[in-house]
Structures are given as C-alpha cells and as structure tokens.
Protein chains: 2
Amino acid sequence: MSDVNAAPAKVHVSLGARSYDILIGPGLLQRTGAEIAARLPGVRAAIVTDSNVAADHLAPLQESLAAAGVESAAITVAPGERSKSFATLEEVVSGILDARLERGDIVIPLGGGVVGDLAGFASGIVRRGMRFVQVPTSLLAQVDSSVGGKTGINTVHGKNLVGVFHQPQLVIADTAVLDTLSPREFRAGYAEVAKYGLIDRPDFFAWLEKNWQAVFAGGPERVEAIAQSCQAKADVVARDELEKGDRALLNLGHTFGHALEAATGYDSARLVHGEGVAIGMALAHRFSARLNLASVDDAERVEAHLAAVGLPTRLSHVPGGLPGAEQLLTYIAQDKKVSRGALTFILTRGVGQSFVAKDVPASEVLSFLEGALSQ
Amino acid sequence: MSDVNAAPAKVHVSLGARSYDILIGPGLLQRTGAEIAARLPGVRAAIVTDSNVAADHLAPLQESLAAAGVESAAITVAPGERSKSFATLEEVVSGILDARLERGDIVIPLGGGVVGDLAGFASGIVRRGMRFVQVPTSLLAQVDSSVGGKTGINTVHGKNLVGVFHQPQLVIADTAVLDTLSPREFRAGYAEVAKYGLIDRPDFFAWLEKNWQAVFAGGPERVEAIAQSCQAKADVVARDELEKGDRALLNLGHTFGHALEAATGYDSARLVHGEGVAIGMALAHRFSARLNLASVDDAERVEAHLAAVGLPTRLSHVPGGLPGAEQLLTYIAQDKKVSRGALTFILTRGVGQSFVAKDVPASEVLSFLEGALSQ
C-alpha cells in the first residue's frame with residue numbers, strides 16, 4: 001500500500017478479446033472525450049443519465065466529448081431503482097435508436113449503479129450489442145457495478161433477474177465527482193469496498209480499518225481504495241466471467257442484502273443497496289460463526305468496522321420494521337443464486353476467507369434469522 | 001444429392017463451447033422429450049408458443065416431455081409479427097420467472113420465426129442467459145431463424161433492432177409438422193431455402209429447380225432440402241457468429257425485403273417475410289445485372305424459379321401499392337445493416353456467387369428502385 005499518489009491509476013480487466021481498462025483518478029470526467037476519441041476514433045455516443053446526475057455532471061461530459069469531436073445525444077431517466085424496469089429500458093432503447101447510432105457507436109452510462117445496469121443492458125441488446133463506455137459517478141458504481149459486465153433490470157420477481165453479460169470498452173472513474181455524493185451514499189458504496197477485503201484480501205481490510213477516514217476525505221487513499229477494489233473485482237471476473245463458480249464470491253452479503261431490499265420494497269428512504277450489503281456481510285459472518293466455521297471475534301471485528309464508518313449491521317437497524325423470518329426466507333429463496341432448490345450462501349472462515357457454500361439447509365437459515373430479528 | 005432417405009438427418013453447428021446439433025426428420029416432435037432428457041438430464045422447461053401453433057402441436061409436445069419426465073409450463077402469445085414487441089417480451093419473461101426456472105433450465109420456443117426470435121431473446125436475458133431448445137414448426141424457422149443464434153424483437157424504428165446473439169442447445173425440426181402449413185406459408189419459407197443456393201451453392205439451386213415439387217410434397221427430398229439449408233447456414237455462422245463479415249451474406253434479398261415489409265406496415269395479409277425476401281432476391285439479381293456485375297440471364301433464371309413455385313418477384317406483385325422510391329430508400333437506410341451512413345447490399349456475380357458490397361451509392365439504388373416500381 002506504499003504507492004499512493006494522486007496520479008490516475010489504471011486497472012486492466014483481462015477477458016481476451018473483451019479486455020478493457022478502468023481509469024481511476026480525480027478530474028477524469030473532463031478528459032473523457034479525449035480518452036474516447038483516442039481509443040475509439042470516429043464513434044458517436046448516446047449518454048444515458050438520470051436527472052440528479054445530469055444536474056451536476058452532464059454539461060461537463062458533453063463539453064468534453066464535443067471538444068474531442070465526439071457527437072453525442074443525451075437520454076435522461078428518472079433517478080432511483082424504479083428506473084431498472086422494462087418500461088424505462090424501452091425508453092432508453094428508443095432514445096438510442098432515435099439517435100441512429102450504429103453497432104460500433106457507443107452508449108455512455110453516466111451515473112450510479114441504476115444507470116449503469118440499465119444503459120449497459122440497453123447497449124447489450126440494441127442491434128444485438130453495441131459498444132459502451134461506463135462513466136460511474138457513485139462509489140458503488142466505481143468499485144462494483146461498472147466493472148465486470150453484469151447488466152440488468154428488476155421485475156416483480158426480484159432484482160437483476162433480467163439482463164445480459166456485456167463488457168464495456170472502457171471505464172472512467174473520476175474520483176472527484178464522488179465529492180457530490182451524500183455521506184450516506186458514499187458510506188453505502190464503501191460497503192462494497194470493505195467486501196473485497198472480506199472476500200479474500202485480509203491485508204486490504206486491515207488497511208481500510210486504518211485508512212477509511214482518508215478514503216472518505218478524498219485524496220490518494222481514495223484513489224488507492226477504488227483501484228484496489230477494481231483490481232479485486234477484475235481478478236474474480238477474469239477467473240469466471242459468466243458466474244459459473246468463483247464469481248459468486250462477489251455476492252458476499254448479497255443474499256441477505258437482496259432479501260432486505262425486497263422486504264423494504266426497494267424504498268431507498270429505508271434501505272439502499274450498500275446498506276443491505278453491510279447488514280448482509282455482518283450477518284454472513286455471524287451466521288458463519290454460528291455454524292462454527294468462523295470465530296465470533298472475526299464477526300465482531302467486521303461488525304465493528306462497518307459500524308465505525310456509520311453503516312447499519314443488524315436487522316434492527318432497518319427503519320420501519322421487517323417481516324418475520326419465514327417471509328425473509330421466501331425472499332432469499334427467490335433470489336437468483338438459488339440452485340435446484342438448495343440455498344447457496346457465501347460463508348467465511350474468517351476475515352478474507354470467504355467461500356461458496358452450497359446446500360445450506362433452509363432450517364438453519366430460518367433459525368438464524370429468528371435469532372437475528374430479536375437483536 | 002444421392003443420399004436422400006426418410007431417416008432423421010443431423011447437422012452440427014460448430015461454435016466451440018456453444019456448438020449444437022440440428023435434428024431433422026418426420027415425427028421428431030414426438031421424440032422431443034426423449035432427446036431433451038438424454039442430452040440435458042434433470043432440466044425443467046417453459047414452452048413458448050402462439051395460439052395457432054398451440055392448437056396443432058402443443059399437446060403432443062407436452063405429452064412427449066411428460067413421458068420423458070421433463071416438467072413443463074406453457075406460455076402462449078398471440079400469433080403474428082406484432083408479438084415481437086417489448087410488451088410481449090415482458091410477458092414471456094414474466095411467465096418464465098413465474099415458473100421459477102433456473103439458469104440451467106430450458107425455454108422451448110415452439111412455433112415459427114416470431115416465436116423463436118421472441119422466446120430465444122427472452123431465454124437470452126432471463127437470469128442473464130438461460131438455455132433453450134428450438135422446436136421450429138414453419139419451414140422458414142426450420143431453415144433460417146432457428147439456426148444461428150440471432151434473436152430479437154421489432155421497434156417502430158425497424159425489424160430485429162433489439163435482441164441478442166444466443167445459441168440454442170439443440171434444434172429439433174420435425175418435417176412432418178410442415179404439412180399443417182398453408183401453401184403460402186410453405187412457399188414463403190422456401191424463399192430462404194432457395195437463398196442458400198443463390199448465396200454460394202449453385203449445385204443446390206440447380207437441384208431445387210429439378211426437385212422443388214418433391215420438396216413441397218414432403219418425403220425425403222424435403223428432409224434433404226432442409227438439411228442442406230441448415231448445413232449452409234451452419235457453415236456461414238461457424239465462420240462469423242457475430243456478423244462481423246461473411247454472415248452478412250445471409251441477408252441476400254433482405255435489405256430490399258425488410259424495406260418492403262416496413263412499407264407494408266408488416267401486414268401479413270399483404271406481404272410475409274419470405275415473400276419480401278423473394279422479391280428482394282429477384283431485385284438483388286436485377287440490380288447486380290444493372291450494375292454489370294451479373295448477367296441478365298442469371299437474373300431471369302432466378303426470377304423464373306421463384307415464380308415457378310408461386311413466389312412474388314416484382315414490386316408490382318405487392319398488393320395495395322407501395323410508396324415512392326425515395327420513401328423506400330428511407331426504409332432501406334434505417335435498416336441495421338447500414339454502416340457509417342453508406343449503403344451495404346448483398347450483390348451477386350451470378351447464381352451462387354453472392355458477395356457483400358459496401359458503399360453502394362444511394363443514387364444508384366434510388367434510380368434502380370424508380371425503374372423497378374414501374375415494372
């Protein structure tokens with residue numbers, strides 16, 4: 001962790017013909033046009049963003065593209081998870097076709113995870129697959145959703161049940177735009193940063209325990225934390241692009257987390273994705289301790305760090321109350337990571353020692369949830 | 001062409017990890033369950049079909065699956081091109097998720113090109129890609145749309161502008177079910193059979209000129225013609241799965257054809273896809289002759305064969321009139337095979353000598369269309 005400086009970092013995602021770079025650093029939004037023109041000469045672009053992000057960042061991006069001679073159209077959707085719907089997907093697809101973009105042209109999702117998943121999906125199906133360049137503006141999107149090629153929308157059946165694997169040509173993560181995030185939104189993204197330490201990088205988790213305040217404040221530690229996170233994700237994705245095995249490790253905290261999001265009706269006033277993941281990671285460690293796989297000390301250490309940064313860690317931290325354990329289990333069982341009716345969880349043997357556990361008995365989950373609901 | 005007999009034929013589509021077989025022969029619908037159970041043990045299935053096809057073929061398929069121990073749900077959509085829409089896609093996706101199918105389970109499109117394109121697309125996006133087994137019931141679907149992994153829906157901007165490349169696990173083409181097609185529908189599918197001869201198999205075209213009546217009547221010549229067509233398509237797809245080059249040859253007749261379908265509002269009472277392709281192929285040969293690429297004799301030979309089987313070959317054969325040449329050109333220019341504003345056509349140097357022509361001047365197309373409209 002010695003090489004921390006303010007220069008843009010570069011992480012390479014190795015996927016053969018579908019390989020690409022992630023550029024990370026402050027002020028990159030202003031250089032987006034030049035980076036695109038240099039790598040993809042002659043392309044035209046459709047920017048897809050939401051009205052909140054547009055207010056802060058659309059004009060600078062458009063100016064950067066225009067200055068580099070990249071023609072662009074802009075498509076603005078409503079902010080929030082509800083835009084990950086068939087109806088909004090159809091709007092975005094129509095907007096791209098209205099702009100008469102061709103297969104070699106690019107879509108630029110400018111925004112957080114919602115915009116990236118939605119517009120990435122649209123780019124994956126217009127003309128059976130256009131190119132796209134992610135410009136993530138939330139911490140969550142920079143360290144997670146913009147990397148790895150998962151795109152999608154939600155249905156009444158659950159989150160991200162419809163989508164495609166579609167890899168971008170380039171990811172441009174401007175770490176300075178994160179200054180416009182609310183503290184709550186930054187913290188939520190930080191849950192995914194901590195996750196990479198918890199999966200298989202215990203040294204990174206220890207580094208975060210020492211340096212998290214500097215990451216929140218900005219500067220070189222922020223660039224370093226984002227680059228480490230992108231590298232961690234890139235390593236997993238390179239091993240298992242289509243989630244046939246190891247990639248499931250990235251779901252640490254997500255099976256519980258998705259169930260909580262569903263149980264709160266995806267109401268971001270109550271719970272946002274990263275908060276669900278934070279509680280989910282704390283639960284995954286406590287569940288692992290209960291199954292005698294990990295120590296209680298490790299579970300407490302994880303909970304202490306997440307609490308220190310201000311993230312929720314317990315079911316009782318979800319405002320407005322939750323349904324009973326049986327109902328939560330139903331939400332878990334509808335999660336797409338269920339395989340042949342058996343429950344699959346990411347469990348752990350300690351900090352940085354996560355693994356994919358198949359055939360976890362539903363009865364164990366149920367009785368653990370009953371206990372967790374009373375804490 | 002000596003090996004013509006009634007035994008099921010098998011064509012292999014070579015695409016590395018995505019390779020699959022096409023089984024062709026009379027009575028295969030009744031063997032579908034056994035073929036699936038043998039190749040994909042333990043899967044559950046969602047059959048997607050339309051109400052017309054369901055009346056004739058759904059029960060036999062369900063019985064075949066049940067007899068082999070393959071559980072299935074059925075999703076029925078309205079017949080016709082209008083079902084290739086976002087709205088119907090969402091219905092099919094919901095139906096698959098309602099049936100709680102998992103990523104390894106299968107979707108079975110049972111029907112013609114519309115059902116195959118729609119349900120193939122749905123299977124490509126549910127859980128970011130499920131498996132599927134095509135059971136095409138029209139000649140068009142057996143020789144063209146069920147082979148090669150192109151799926152999609154239409155928008156107001158044009159046909160098949162939204163979709164994914166997604167290869168099936170298996171294609172089962174029961175040549176006996178084609179007896180339930182109307183003569184018009186069989187002829188329309190035959191246009192695509194003739195196309196393979198015209199692209200690069202002059203011997204096959206000559207064989208069709210001699211044997212087309214036997215193909216229409218059924219029996220071993222029908223199996224042979226379908227197997228030859230599937231092999232021809234499989235060869236092209238194996239060379240260029242994602243349509244970066246040679247695969248465009250399969251669009252012979254389609255640039256004109258799609259424009260005619262758009263100009264007639266996709267009204268199947270006036271023009272169905274294969275009829276548009278027949279006129280389009282005749283026009284492509286006449287346009288090539290006009291550009292001094294091919295002989296007028298070849299253009300007349302092609303037109304004579306298509307006319308002999310009862311297919312339309314001229315713009316004046318489209319009932320209800322067509323818009324002017326300028327408007328037809330607009331429909332052509334919106335076609336997705338336009339690259340960087342230049343017009344791309346499949347032209348020919350004679351029967352079985354087609355090639356991809358880029359940068360065809362719009363002015364040449366316009367003046368050719370003006371002439372063709374008056375014939």
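**Close-up views of rings and charges**

**View 1. A lysine charge over a tyrosine ring.** A:Lys195 places its charged end over the ring of A:Tyr196, 5.3 Å from the ring centre. A charge sits over a ring if NZ of Lys or CZ of Arg is within 6 Å of the ring centre and within 35 degrees of the ring normal. This is a predicted model: local features need pLDDT of at least 70, side-chain atom pairs count only at pLDDT 80 or more, and totals for chains, interfaces and linings use all residues. Residues are numbered from 1 along each chain as written, chains are lettered from A and ligands numbered from 1 in the order written, and side-chain values use heavy atoms, without hydrogens and water.

**View 2. An arginine charge over a phenylalanine ring.** The charged end of A:Arg349 sits over the ring of A:Phe355. Its distance from the ring centre is 3.9 Å.

**View 3. Aromatic pairs in chain B.** The whole structure holds 18 aromatic pairs over all chains. Rings of Phe, Tyr and Trp (its six-membered ring) pair if their centres lie within 6.5 Å; planes under 30 degrees apart are stacked, over 60 edge-to-face, the rest tilted. B:Phe256 and B:Phe287 are edge-to-face, because their planes stand at 75°, with centres 6.3 Å apart. B:Phe287 and B:Phe345 also pair edge-to-face, at 5.8 Å and 70°.

View 4. B:Phe256 and B:Phe287 are both buried (under 20% relative accessible area; exposed is over 50%, partly exposed in between; 1.4 Å probe, protein chains only). B:Phe287 has 0% relative accessibility. B:Phe345, at 2%, is buried too.

**View 5. A ring cluster in chain A.** Ring pairs join A:Phe186, A:Tyr190, A:Trp212 and A:Phe216 into a cluster.
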